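Subject: Structure handover

Hello,

Here is the structure we spoke about, passed on to you with some notes. Please look it over before reading what was found in it.

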Amino acid sequence: MAAPSASTNIRLGLFVALGLGCLIAALFLIGQKQNLFGSSLNVRADFRNVSGLLTGNNVRLSGITIGTVKSIDILNDSTVRVGMSLNREVQPFIRKNAVASVGTDGLVGNTIINLAAVPAPAPPIEPGDMLRTTTPLALDAMLGTFNVSNKNLVAITGDLRQVTHKLNGSNALWQLLNDQQLAADLRLSLRHAATATAGLQAAARDVQQLAHGLRQGQGPAGYLLTDKEFAGQMRHTTRQLANASDTLAATLASLKKQTETPNGPLHTLLADTALSRQLRQTIGNAERGTAGFSQSMEALQHNFLLRDYFRKQAKKQAQAAGH
Amino acid sequence: MQPAAAVAPLPATTSAPTAEVVLTVAHVSKSFGTNHVLQDFSLTLHRGENLVVLGRSGSGKSVLIKCIIGLLPIDAGTITVLGQDVATLGHAALDELRTKVGFLFQSNALYDSMTVRENLLFPLRRHWLAARRGQEEELVRQALADVGLPDTLDQMPAELSGGQRKRIALARTLILPPEIILYDEPTTGLDPITAREIDQLIRQVQQKYTTSALIISHDMNCVRLTATRVALLVEGRCYAEGTYEELRQRNDPTIHAFFE
Amino acid sequence: MFNSPFLAEIGGMTRFAGRFFREGFRPRYEWRELLSQCYVLGYQSLTLVGVTGFIMGLVLTLRLRPTMVQFGAESWIPTMVGLTIIREMAPIITALMVAGKVGSSIGAELSSLRVTEQIDAMEVSGTNPFKYLVVTRMLATTLMVPILNLLATGLGLAAAYLGVNLKGGTSLALFTHNILARLTFGDLLSAVVKTVFFGFAIGLIGCYKGYYATNGTEGVGRAANSAVVMASMMVFILDLLAVQVSNLLGLN
């Protein structure tokens, strides 16, 4: 109750000024954060889902906070209109075609609005503009997809492990890869095949000529037609010939395919040790087939009925060469 | 009631026959629950008179003067102070009236947190009249000189003796020159010598300021020395009224009991 | 039930508050006394409130740290401590300390004025003691508690900054930013508004208990004691109300 002296008044004044100063400073700092005291630019955007956005949440452009959410109104069952108050200083950097999306600030952070520029020319934004929006993949949806991919990945790595395990345990493959004999065989059979095809070509030409002569009623055709035994022999030979050439062609095609596309049958190859054996057998067969073919061609040449014909042919060739 | 009615005209003729009435208490009742402290109590105070209300402790004397000053509301009757009915006054009017009525508390009620000077300045500041501006210090010194303690100006009430405190309290009531002073047991709790000094002071003050005084007491010495008229308060009623000598010579045992 | 002393007290206090609003805003105004009460109740409580606020800020930070580090959320300490101090701790600590110091002193002072008839003396001096004693004190606590709270908040935050920097380092700018990033007007204003009510309640209860004290010196002790107990409890009740109200207003 004592009358206040000047010094107590000064101290009281200082006390009050300090307290109010704290309040004003804090209000100003928050206000600055919320752009309450700066001039602001109000724009709107319609969203389908705002994922828990609240008034006061930040609006960001390229990760920089440039404003806050001012209002959130439900327009109808599928549209939420969000009013944003942006810092006027950023006006030149936001174009009319900027796209707004709802995002989160970190994994457990606040919901925010991200503005993204679109690489197309447009005039700067103006107050009251309506921004376009996109709905980015929501975090839960993203996690859902992630889950599925994860499961797939688990299956794949499981398979991969099985494959490598088999790869390590498979002698066949390593033998196959290390087998020099096989390569040599292959080369040999290919050479045989080349010889055989050359012979085949020649034989085909001879048969053609033979047929030609037959149509003209020349040569040993009449004889031939009467001799049934020879005809049977001849039919047998040509059938064998055709068989051999078919087998050869098939073998060659399959070989070619296998050498050209190593990825395709890899799995089968690895899984099936019988195949390499078969492969070797096939190559052996092909070899034997081509050898047999050469032999039958030789025999055909030495056949006494056709001996004259072949001899004439040789003479003709010699004459042609003599010219 | 009968004896009171019988002696009522006496003081008027003896002390101040033509004096103006400054305070009237008419048919006042006051109860605290079932305790009927005042029952149809009446008295009149004339200008320039020292009226002592005599009664036993707990007989409702203090309640009476608190009712007069408006600290306690009354249940029935009227109290008129300087022509104004206390019960009907608003805050402002009551405050205005109180500047003209001094009240000396039994416990002095000095403001412990203030120095003597501030205690005396307090009522002055409350009623800051332009005419008194700049004279506060002078008035404080004057009031202290009147009670005979000019050197206690900057002391705290706690540093003073009981008698000094009583004087300072009196000085505080005098600083706004009152027309009526109400003393609530002014000598209670003081040694006999100091009590006599206070009694003398009351008389001096009454002469100097020409005030009327209503003194509540059960101290017969105080009554003898200060009273121009005595009213006897018994069981909530004004049992008898008269000068000290008149009452002393009564044969009524109830009255006589006070004088022994 | 209907004549319980508790309800009677509530009713009495309500009337007392009503009288405060009725008489407090009519002239005459006790400016000098108000200033002197502001000094006594506000400035002179600053040391107590400031030291308490500082220590609480420091202790809170140091206590929170191990848990936060365990969760790898060390960078959240400033935010958590800051918001706790601003929104809840500083107001409550301030109000409780003021209730303890000022509530008891008002209760004791007014009750001793009452039992030594000084209140009556003021009244007969033509002073309205309700205005002179009660209105000034209630106004002083109502005005000073928010200011004390703000200073306690400031000191508490300074202590929190110190606490954060005792182990590990955070720049002042980052510390400020961390707090401001989560702080809204609602937080700050609800804290300030609620301390206004705390101050009013402390002043009201202290004055009520002191002003109507009886039974001489024993009544003085009782008034001081019950003023502290009741004011502290009232602070918590008001705090609970403040949470509900600010939730309703969407300030949280």
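**A buried glycine in chain A**

A:Gly19 counts as buried, at 0% relative accessibility, where buried means under 20% relative accessible area, exposed over 50% and partly exposed in between (1.4 Å probe, protein chains only). This is a predicted model, in which local features need pLDDT of at least 70, side-chain atom pairs count only at pLDDT 80 or more, and totals for chains, interfaces and linings use all residues. Residues are numbered from 1 along each chain as its sequence is written, chains are lettered from A and ligands numbered from 1 in the order in which they are written, and side-chain values use heavy atoms, with hydrogens and water left out.

A:Gly19 sits in helix α1 (residues 6-33) of chain A; helices (H or I, at least four residues) and strands (E, at least two) are DSSP runs, numbered from the N terminus. Leaving aside residues up to four places away in sequence, A:Gly19 touches C:Ile147, C:Leu150 and C:Leu151, contact meaning heavy atoms within 4.5 Å.

Chain A has a closed barrel of seven strands with mixed pairing, in the order β1-β4-β3-β2-β6-β5-β7. Two strands pair if DSSP finds at least two bridges between them. From one strand to the next, the twist averages 35°. Strands β2 (residues 58-61) and β6 (residues 111-116) of chain A run parallel and are joined by three bridges. A:Arg60 has A:Asn114 in β6(A) as its bridge partner.

The loop between β2 and β3 (64-76) of chain A holds A:Ser62. Phi of this serine, A:Ser62, is positive, near 50°. Most residues other than glycine have a negative phi. A:Ser62 counts as exposed, at 66% relative accessibility.

**Chain B: a helix pair, a loop and a strand**

In chain B, helix α5 (residues 116-126) and helix α7 (residues 162-174) pack at an angle of about 30°, with axes 8 Å apart. Axes are lines fitted to C-alpha atoms, for helices over the stretch in contact, and angles run from 0 to 180 degrees between N-to-C directions. α5(B) and α7(B) are therefore roughly parallel to each other (angles under 35 degrees count as roughly parallel, over 145 as roughly antiparallel, 65 to 115 as roughly perpendicular and the rest as oblique). On the α5(B) side, the contact is made by B:Val116, B:Asn119, B:Leu120 and B:Pro123, and on the α7(B) side by B:Ile168, B:Ala171 and B:Arg172.

B:Ala109 also has a positive phi, about 55°, although it is not a glycine. B:Ala109 lies in the loop between β6 (101-104) and α5 of chain B and is buried, with a relative accessible area of 2%.

Strand β8 (residues 212-217) of chain B contains B:Leu214, which is buried at 0% relative accessibility. B:Leu214 and B:Leu182 are 32 residues apart in sequence, yet 4.9 Å apart in space, C-alpha to C-alpha. Not counting residues up to four places away in sequence, the residues that B:Leu214 touches include B:Leu23, B:Val53, B:Ile65 and B:Tyr183.

**Chain C**

Chain C has nine helices and zero strands. Of its 252 residues, 54% count as buried. Among contacts in chain C with a separation of 6 or more, 85% come from residues 24 or more positions apart.

Regards
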